[in-house]
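Open the model in a viewer and keep the selection tool at hand. The stops below say what to select next and what is there.

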Amino acid sequence: MNAEVVSAQVKLFCQELRMPGLRGHFEEIAREARTNGESHEAYLVACLRAEIESHREHRLKDRLKQARFPQRKSLEEFDFTLVSSVPKEEVIHLATAEFIQAQENVIFLGSSGTGKTHLAQAIGQAVIYAGCRVRFISAVVLAQELLAAQDEHRLPRYLKGWGKIDLVIVDELGYLGLGPGGPLLFQFFAERYEKGSVLLTSNLEFSRWSEVFGDPVLTAALLDRLTHHSHILVFEGESYRFRESRSKKRKS
């Protein structure tokens, strides 16, 4: 059987078995094996390694897409010197995903523009690389989705779907009131208590959260759950956007 026929058959079998990594690399691996005089077993190991790496790459791409980050942000891009209240060592530790394994929460508090969302996305991306499933969503959108699920009599199924997510990043709690979505958001967090991690960003200190949820008793119960096993970081500093705007004005 000539080489072209063998190559065509291997590609066909790889397609049927859904092995894209092997399909794309077997010829290159075969050439290297012949050049180095490797055994059939060594060649097989190299082929299987290529397929495993391909699976990992596709799984990583899928999880990054499923996370729905508005932007791709990294820890390397964040200037910790501008927000000295945030300990760099703790943030780097959070990026190892150990807090997710321990089913702990993370809460970022601080004024708008101080980098809370940037670091939330950076940590989210880092823990995806560590093998976790992540979903990013704003507090208002989450409340709206919860209300829609309730109105359509599918709230239990909707809440159950979030159980597959290792880390839920809820952004911008406090920028807008939640209205009737407040109690449902409380239910959402209660469902995840000691079952899955939450990373939450807010521009309001804890004493003002009742302004968002509209119920002091419910707010107290929520804070009790969220802060029980949590890492709380306070962002103090000037707004990034304000600083950039001022810098542009100086240059013009």
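Begin with Lys61, which is exposed at 51% relative accessibility; exposed means over 50% relative accessible area, buried under 20% and partly exposed in between, with a 1.4 Å probe and protein chains only. This is a predicted model, in which local features need pLDDT of at least 70 and side-chain atom pairs count only at pLDDT 80 or more, while totals for chains, interfaces and linings use all residues. Residues are numbered from 1 along each chain as its sequence is written, and side-chain values use heavy atoms, with hydrogens and water left out.

**Salt bridges**

The term stands for a side-chain nitrogen of Lys or Arg within 4 Å of a carboxyl oxygen of Asp or Glu. Both residues lie in helix H3 (residues 40-67), and because they are four residues apart there, about one helical turn separates them. Helices here are DSSP runs of H or I with at least four residues, strands are runs of E with at least two, and both are numbered from the N terminus. Glu57 is partly exposed, at 43% relative accessibility.

How many salt bridges does the rule give? The count comes to three. For another one, select Arg154 and Glu152, whose side chains meet at 2.5 Å, N to O. Arg154 is partly exposed, with a relative accessible area of 24%. Then select Glu211 and Arg208, where the closest N and O atoms of the salt bridge are 3.0 Å apart. Arg208 is partly exposed at 37%.

**A helix pair**

Next, show helix H7 (residues 139-151) with helix H9 (residues 181-192): they pack at an angle of about 95°, and their axes are 9 Å apart. H7 is therefore roughly perpendicular to H9, a term for angles of 65 to 115 degrees, where under 35 is roughly parallel, over 145 roughly antiparallel and the rest oblique. The axes are lines fitted to C-alpha atoms, for helices over the stretch in contact, and angles run from 0 to 180 degrees between N-to-C directions. Which residues make the contact? From H7, select Leu142, Ala143, Leu146, Leu147 and Gln150; from H9, select Gly181, Leu184, Leu185 and Phe188. Contact means heavy atoms within 4.5 Å.

**Two positive phi values**

Go to Ala97, in the loop between helix H4 (88-94) and helix H5 (98-101). Ala97 is not a glycine, yet its phi is positive, about 80°. Is Ala97 buried or exposed? Ala97 is buried, with a relative accessible area of 2%.

Then select Glu172 in strand S3 (residues 167-173). Phi of Glu172 is also positive, near 65°, and Glu172 is partly exposed at 35% relative accessible area.

**Surface stops**

Lys160 sits in helix H8 (residues 155-161) and is exposed, at 67%.

Move on to Phe13 in helix H1 (residues 3-17), which is partly exposed at 46% relative accessibility. With Leu12 and Leu17, Phe13 makes a nonpolar surface patch of about 330 Å².

Finish at Val217 in helix H11 (residues 216-226). Val217 is exposed, with a relative accessible area of 67%.

Terms used. Patch = residues over 30% accessible without salt bridge, like charges linked within 9 Å, V, L, I, M, F, W, Y side chains within 5 Å. Areas by Shrake-Rupley, 256 points an atom, 1.4 Å probe, with all protein chains shown as cover.
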